[in-house]
Amino acid sequence: MTSGVPETGEDTGLRHTPRRVLITGAANGLGAALTAAYRARGDEVLATDLNGRDDVFRLDITSGEDWEAARDHVERTWGGLDVLVNNAGVAGGGRLDVATLEEWRWITEINLFGIVRGTQTFVPMLKRQRSGQIVNVASLAGLVHPAGMASYNAVKAAVVALTETTGHELSPYGVRAAVVCPSYFRTGLVEDLRGADRAFAAVIAHLVATAPLGPDEIAAEVLAALDRGEELILPDAAARTAYDLKLGDRAAHDAQLRHQAQRLESL
Ligand SMILES: NC(=O)c1ccc[n+]([C@@H]2O[C@H](COP(=O)([O-])OP(=O)(O)OC[C@H]3O[C@@H](n4cnc5c(N)ncnc54)[C@H](O)[C@@H]3O)[C@@H](O)[C@H]2O)c1
């Protein structure tokens, strides 16, 4: 740490030194909740989203030009960045023989290449600073892969791999990385859910709408986990239970997912 700004978890306990945070997909859901949670601690947040507003900087994560404009803005305004939160994402999925290749490309362009672009844009700055943190929002689907959502599972697993690689590769520079893997929580994520598999989309929409937690609770857990220095963050009990089962009893885990898959037969 050379910027004089403590990294996550280095709060003195007396007064939190403000950090400079950029969050993508911050107009709604988890991004908005994370923005509020960081600001409540006194951090400065550049909230960004697809459509700019007075209080939200326009950053379509699939646009290289938008990323460059965001980096220029950060450099001009702050002279550096402490935390990049790659949160923006879309929901997709569908059964193997129903989802189209076009849908696979669409979700990969946003949920994976959007984060790759953000990483490529800010890594030179973080390396120069020899400090900072990249927080990528994946999903439990990146670790536990239910039937019927191969494209979402695959891109979120790629985000887990990208984040682990980032953490290893940038460790010599004092830059850290963490990946967030929540189970379903209540947001508008599925409102724009695309795809040919409409029956599957209805199942996912129901799971999100009836989830026990909302984005504020997930955001609070994420910040607490970052404070503890966690790099793989499972912010809710459902996610922890499912991943623990996969690690601890693979046969039971497989049996559970195959039982769930039988329900897809009736769609
Ligand atoms: N809600 C869940 O159940 C759930 C579970 C696990 C993981 N996640 C992940 O959490 C993240 C946030 O999702 P959410 O549930 O808050 O959804 P949300 O739809 O409420 O918010 C996502 C935000 O991302 C923005 N966005 C979409 N495409 C964009 C683009 N190309 N460029 C910039 N911004 C874009 C949207 O405008 C929106 O404001 C996503 O990565 C999602 O995959 C959500």
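This is a predicted model: local features need pLDDT of at least 70, side-chain atom pairs count only at pLDDT 80 or more; totals for chains, interfaces and linings use all residues.
Residues are numbered from 1 along each chain as its sequence is written, and side-chain values use heavy atoms, with hydrogens and water left out.

Trainee: How much of the accessible area of the ligand does the protein cover?
Mentor: Polar side-chain atoms of Asn28 and of Lys156 each lie 2.9 Å from an oxygen atom of the ligand. Accessible areas come from the Shrake-Rupley method with a 1.4 Å probe, and for residues only the protein chains shown count as cover. Of the 830 Å² that the ligand has on its own, the protein covers 92%.

Trainee: Which residue pairs with Arg20 in a salt bridge?
Mentor: A salt bridge is a side-chain nitrogen of Lys or Arg within 4 Å of a carboxyl oxygen of Asp or Glu. Arg20 lies in strand β1 and its partner in the loop between α2 and β4, so the pair ties together parts that are 62 residues apart in sequence; strands (E, at least two residues) and helices (H or I, at least four) are DSSP runs, numbered from the N terminus. With the closest N and O atoms 2.9 Å apart, the partner of Arg20 is Asp82.

Trainee: Is Asp82 buried or exposed?
Mentor: Buried means under 20% relative accessible area, exposed over 50%, and partly exposed in between, with a 1.4 Å probe and protein chains only. Arg20 counts as buried because its relative accessibility is 13%. With a relative accessible area of 6%, Asp82 is buried.

Trainee: How many residues apart in sequence are the parts that Asp227 and Arg41 tie together?
Mentor: The closest N and O atoms of this salt bridge are 2.5 Å apart, and Asp227 is partly exposed at 31% relative accessible area. Because Asp227 lies in helix α6 and Arg41 in the loop between α1 and β2, the parts tied together are apart in sequence by 186 residues.

Trainee: Which helix holds both Asp254 and Arg250?
Mentor: The side chains of Asp254 and Arg250 meet in a salt bridge at 3.2 Å, N to O. The two residues are four apart, about one turn of the helix, and both lie in α8.

Key. A polar contact is a pair of N or O atoms within 3.5 Å; within protein, one must be able to donate a hydrogen and the other to accept it, and residues adjacent in sequence count only if both atoms are side-chain atoms.
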